[in-house]
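Hello,

Here is the structure for you to look over. My notes follow it.

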Amino acid sequence: MILGFIGTGKISSSIILGIFKSKLKVRRIYISSRNRSIAKKLANEFGRVKILKDNQDIINKSSIIILGITPNVGRKILSKLKFASNKKIISLISTINLANLKRLTKNKNIVRATPLPPIEIKKGPIVICPPNKTAKNLFKHLGEVLEIRNEKLSNKFWSTASIMAAYYEILNTSTNWLIRKGINKNLAQNYIAELFLSLSQDAVNKRSQGFKKLVADSQTPKGLNMQALQELKKAKFYYKFTKALDNINKRVSK
Ligand SMILES: NC(=O)c1ccc[n+]([C@@H]2O[C@H](COP(=O)([O-])OP(=O)(O)OC[C@H]3O[C@@H](n4cnc5c(N)ncnc54)[C@H](OP(=O)(O)O)[C@@H]3O)[C@@H](O)[C@H]2O)c1
């Protein structure tokens with residue numbers, strides 16, 4: 001397998017880091033010199049990673065091409081590149097749909113995938129649309145693959161995946177609050193990281209019960225958890241959260 005990455009930013013580098021922790025056999029990974037510092041770091045760390053300056057050169061030398069560029073860059077450069085009909089393309093671009101990707105690349109062997117940065121530790125869901133053997137064989141080594149045939153439905157996962165930063169901000173806010181109350185920074189960071197890891201692991205183990213039960217089971221009547229939940233509900237926190245998902249859905253559904 002020879003992989004080529006157009007765009008060596010956050011998500012491309014997370015995938016490459018995950019690949020070298022996995023059992024996936026790759027002969028070579030070609031990456032673009034953009035972003036230069038990320039590309040240099042990857043090429044220095046892994047002998048099989050080679051930097052090529054020219055995007056077309058990356059495409060020509062690779063069997064699977066991964067598009068790790070932003071939508072604006074994609075709209076600007078994809079139609080100028082030539083993707084031979086035997087090339088397989090996996091697009092990570094959030095807001096260019098399959099029909100437009102096919103039009104821009106003039107290639108039908110194209111699927112969309114939504115890996116997330118924890119792919120770096122071979123964790124997390126990866127939605128592939130439509131189902132595709134090549135993409136599945138690659139990503140099954142790097143996380144939990146979910147194949148979705150309907151593109152409109154698959155877009156809904158982009159909306160829920162976009163809560164990453166908001167989620168980490170809860171960890172950041174909680175940690176800063178502890179520090180302001182006099183807790184040592186390392187202790188605060190350790191506590192919050194372990195707290196959220198344990199809650200997430202428990203949720204994974206109990207997912208078949210449904211999360212509503214976890215919400216109920218986490219509250220003692222008139223207890224502290226009940227108070228926190230009620231205060232946040234009263235402040236319309238979850239209403240606003242749902243609204244944000246709706247607004248992102250509008251953006252990714254265009
Ligand atoms: N980050 C995530 O969690 C995530 C998850 C799933 C999907 N995605 C999607 O993946 C795409 C990339 O996201 P990202 O977070 O990795 O963004 P990013 O870190 O900004 O990476 C984009 C990369 O594209 C490079 N680039 C710009 N112009 C280029 C060109 N003409 N040729 C080749 N490369 C070029 C940039 O290089 P310079 O820095 O030199 O401009 C940068 O390295 C987006 O469409 C995003 O929606 C992201």
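Lys236 sits in the loop between helix H11 (224-234) and helix H12 (237-252); helices (H or I, at least four residues) and strands (E, at least two) are DSSP runs, numbered from the N terminus. Lys236 is not a glycine, yet has a positive phi of about 60 degrees. Lys236 is exposed, with 11 other C-beta atoms within 10 Å. On this scale a residue is buried if 20 or more other C-beta atoms lie within 10 Å of its own, exposed if 12 or fewer, and partly exposed in between, with C-beta atoms placed from the backbone.

This is a predicted model: local features need pLDDT of at least 70, side-chain atom pairs count only at pLDDT 80 or more, and totals for chains, interfaces and linings use all residues. Residues are numbered from 1 along each chain as its sequence is written.

Lys106 also has a positive phi, of about 50 degrees, and is not a glycine. Lys106 lies in the loop between helix H5 (98-105) and strand E6 (110-114). With 13 C-beta neighbours inside 10 Å, Lys106 counts as partly exposed.

Two cis peptide bonds are worth a look. One joins Arg34 and Asn35, with omega about 5 degrees, and Asn35 is in the loop between strand E2 (28-32) and helix H2 (36-45). Another joins Cys129 and Pro130, with omega about -10 degrees; Pro130 is in the loop between strand E7 (125-129) and helix H6 (133-139). Most residues other than glycine have a negative phi, and most peptide bonds are trans.

Regards
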